[in-house]
Amino acid sequence: MIRTEELLLNVGPQHPSTHGVFRIVVKLDGEIITEATPVMGYLHRGTEKLAENLNFTQIIPYTDRMDYVSAMTNNYVLCHAVEKMMELEVPERAEFLRLIVMELQRIASHLVWWGTYLLDIGALSPFLFAFSDRERILQLFNELCGARLTYNYMRVGGVKWDAPEGWIDRTKQFVKDMRLRLDEYHNLVSGNEIFLSRIKGIGKYDAATAIAYGLSGANLRSTGVEWDLRKTEPYSLYSRFDFDIVTGKNGDCYDRYLCRLGEIEQSIRILEQALEHFPGDGETMGKVPRVIRPPAGEIYVRIESPRGEIGCHIVSKGKAEPYRLKFRRPSFVNLQILPKLLVGESMTNLVTILGGIDIVLGEVDC
Amino acid sequence: MEPLSFIDKPLSWGHAAIFIAMAIGVLAFVILFVTYAIYFERKVIGWMQFRKGPNRVGPLGLLQTVADVSKLLLKEDTIPAKADRGLFILAPVLAFVPSFAVLAFIPYSQNLQFADLNVGFLYYIALSGITTIAIVIGGWASNNKYALLGGMRSAAQMISYEVPLVISVVGCVMLAGSLNLRDIVAAQAGYFWHWNFLPQIVGFAVFIVAAISELNRTPFDLPEAESELVAGYHVEYSGFRFAFFMLSEYVYVYAIACLTTLLFLGGWNPPLPQLDIIPGVVWFFLKFAFIVFSLFWIRATFPRLRVDQLMGLAWKVLLPLAILNIFITAALIELFGMGG
Amino acid sequence: MKGMIKGLGVTLKTMGAKKVTLSYPDVPIEMPDRFRGIQYVDQEKCIVCNQCARICPTECITLSGKPNPDPEKKGKVLDTFDINFEICILCDLCTEVCPTEAIVMTNNFELAAYSRDDLFKDLKWLGSNTENIRQDNNNIGAPQKGAKA
């Protein structure tokens, strides 16, 4: 009789596949995981607490640093919450610009996910394919607002910058190219048998479990639930455009993969329409009081970020600073299901499942 | 007179000196190969990813690997405090020595060969198995959990894949009627459709898959899967000890590329007998370069397999196919009088 | 097999494609005009209104003024102006609220330094940072101008 022992393995915080400073303590029986405990907080900066001493314009740059892969949606959720609270009108042109940058950001964010996920699974090239296209989006953002990652682009009541000369045309060109590139991505990876055998049927859960765990975004839609806040609770101008909710069937990593790539395609569709109907001129900043003081009260606003439902809960006492600010960060909530999914899987699947959830540590720890 | 006729004569000091000089010559050649194989790997993979690859050190980046290796050699030699010191030091040596020793039997053309072994291929299998032990030792001695997992994976993988690797070659051996690599190449003379990769298409496929797996290269690079095991069995190694693991890995690339050329691509035979004017050694290296390029190409494209799939592939797919191949070959020889 | 061969085709095709690598340190990167690099401060224009220091989310700006040496003119002139670049996040808010465009962004982004002390930028440094100054500063947050015309 062989005496076997459980192996306690510390994955992270410095590990190539935890996408940042995330740590999981796993108990291994051979290579099979019997227990997994996520440990987080290595990137906690206290954004919510910091916000209590800042006025709303000052909080915007902090939201950039939560989900740093998709800062535009974070900008939006805060501005949108304050606007709703103060019942401000946002000019159409500004709203168009917001929508365009958010959809570009969704593509950029899914590209980062796609590249790094394939890197986790062991394919080297997709990463650089994705990043060379993301680079073009970042370049567009750089021209628009002067930064490549932490944009600080939106303001309460509008956006900081109008589109520079030729920007809309360059974006149109990019969207056109992106369609072709997406086909190339599918050719490069989606049909690869090794890849399919790696992710099909891995990390499976059903719709009821997903809802019980509060999952959102592609993690929820992969189970077949048609829940996309852009459609179910339209905000911004989404109700004007024609697009579909991409859903999966089985709720495994493969469906999540297809959902995300499908969302890139839907974003391209939205962008094509939005760029076509972009208003020729107009204000980019609405009529906003000099000091932004939302009336006393509470509000919860949620939108669809690339990772799922990002929410902003503001408690105001009528001052320029929020009394309490709470972000519902999709990465953090989606991560909850990880320990459940990992039990009984091998070390290799740990990487596949964790990558499939698509977390950004800046957002998990906030 | 054969240029290497002294090999059959009794050993004298003079001959011993020649042997040593020749061994050093091979070593130099192999190290040159490894240097530029790494360079071309990085270049090719770079090109396939919209990049330029190394281009900073020396003209066209040609000295990049030289710089990297010098860095490794000059690095502080660290041995973890809790490591098993003896085994930790032994492992890289044990990994490298057999990888170099297997090169002795490879014929590059009709006359250019160091040891004309009758057991040819078996010698390769026998020696390359030792490297597996070195990897397990390295993984164990590091006293690191990731290294241990990597070492264990490696052992399981290499032992599993050696079986189909050997059996897939049996078809070629049957056609040539000899284990001697020169005889196997001689049996493939003629047009390129006489090369073994067409009559032995199943064996060829199995051999390629098993060989890539033996090399621990993508898509079978599980022992050092960086996204799961950080670096696998050599996670605690640095400096020149790491360089030895690296070196032996690339020397095996060299050996496997040579073997594939010899066993399945007709060795130094030109694709058409009319092209005989070009020396055999050129053909050999053209085919060899193609194999090496394919390895890089595959690495740039494919993701990695999972451990259980890897084992399943070896025992449930490759092994039955390889055995089937033997029976098909035997039937072909018996019924149609193929081979010798 | 089909999917794998398709993938191999894509990588092979890419081999001949145009490369995206930049020769960055050899060829400097041209940033678009709106790029937010380290600030330039114009001592003459500053009216010491303290807007920039107040809006700064990380409180990295400290400034002080002194009475105008020209007795005929009213108001203050800038005496010291320091930005602690260890904590500046280049969020662009200081330039946004400046009513006189005394503090503006430049396109200079190469900010690495060997010492933390080098990251403390005083008026002398910021005033001599005159290269690649941003043309369009769009100071929508400034009190007088309000929304952009």
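Visitor: What makes up the contact between chain B and chain A?
Guide: The contact takes 25 residues from chain B and 26 residues from chain A. Contact means C-beta atoms, placed from the backbone, within 7 Å. This is a predicted model: local features need pLDDT of at least 70, side-chain atom pairs count only at pLDDT 80 or more, and totals for chains, interfaces and linings use all residues. Residues are numbered from 1 along each chain as its sequence is written, and chains are lettered from A and ligands numbered from 1 in the order in which they are written.

Visitor: How do you know that the span of helix α1 of chain C agrees with what it should be?
Guide: Helices are DSSP runs (H or I, at least four residues). The expected span is 1.5 Å times one less than the number of residues. For the 14 residues of α1 (residues 2-15) that gives 20 Å, and the end C-alpha atoms are 20 Å apart, so the two agree.

Visitor: Why are the buried residues of α1(C) said to be on the same side?
Guide: C:G7, C:V10, C:T11 and C:T14 are buried. They cover an arc of only 90° around the axis, so they lie on the same side of α1(C). The arc is that of the directions from the helix axis to the C-beta atoms. On the other side, C:K2 and C:I5 are exposed. Buried means 20 or more other C-beta atoms within 10 Å of the residue's own; exposed, 12 or fewer; partly exposed, in between.

How values were computed. Contact = placed C-beta atoms within 7 Å. Helix = DSSP H or I, 4+ residues; strand = E, 2+ residues; numbered from the N terminus.
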